[in-house]
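Student: I would like a close look at one part of this model. Please take me through its salt bridges.

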Amino acid sequence: MNAAAHPRINRDPKIMMGKPVIAGTRVPVETVVRQFAAGADMGWVLKGFPDLSEDDVRAALAYAAH
């Protein structure tokens, strides 16, 4: 996947075993997506992950959709 298309998402084998994470965090994209799949809304996700911004969460969802 083109990293330039998702600048807020990083993949590094040294971080979370190379899973895609939100840049500057150890929060995997998968974790964010699972929260929404379980019925969470944006406010709940942001409260549960205070280091994330709304743009970070939207980037994770866009990455997963891509």
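Student: Is Asp56 buried or exposed, and what is its relative accessible area?

Tutor: Asp56 is buried, at a relative accessible area of 10%. Buried here means under 20% relative accessible area, exposed means over 50%, and partly exposed lies in between (1.4 Å probe, protein chains only). A word on the source. This is a predicted model, in which local features need pLDDT of at least 70 and side-chain atom pairs count only at pLDDT 80 or more, while totals for chains, interfaces and linings use all residues. Residues are numbered from 1 along each chain as its sequence is written, and side-chain values use heavy atoms, with hydrogens and water left out.

Now the partner. Asp56 forms a salt bridge with Arg8, at 2.6 Å from N to O. A salt bridge is a side-chain nitrogen of Lys or Arg within 4 Å of a carboxyl oxygen of Asp or Glu. The Arg8 and Asp56 pair links distant parts of the chain, 48 residues apart. Arg8 sits in the segment before strand E1 (9-10), and Asp56 belongs to helix H3 (residues 54-65). Helices (H or I, at least four residues) and strands (E, at least two) are DSSP runs, numbered from the N terminus.

Arg58 is partly exposed, with a relative accessible area of 47%. Glu54 is partly exposed too, with 37%. Salt bridges that share partners also join Arg8, Asp55 and Asp56 into one network. Asp55 is another residue of helix H3. Asp55 is partly exposed, at 46% relative accessible area. Along the chain, Asp55 and Arg8 are 47 residues apart, and 8.6 Å separates their C-alpha atoms.

Next, helix H1 (residues 29-37). Glu30 and Arg34 both lie in this helix, four residues apart, about one turn. They form a salt bridge, with the closest N and O atoms 2.8 Å apart. Glu30 counts as partly exposed, at 36% relative accessibility. Arg34 is exposed, with a relative accessible area of 55%.

The total for this model is five salt bridges.
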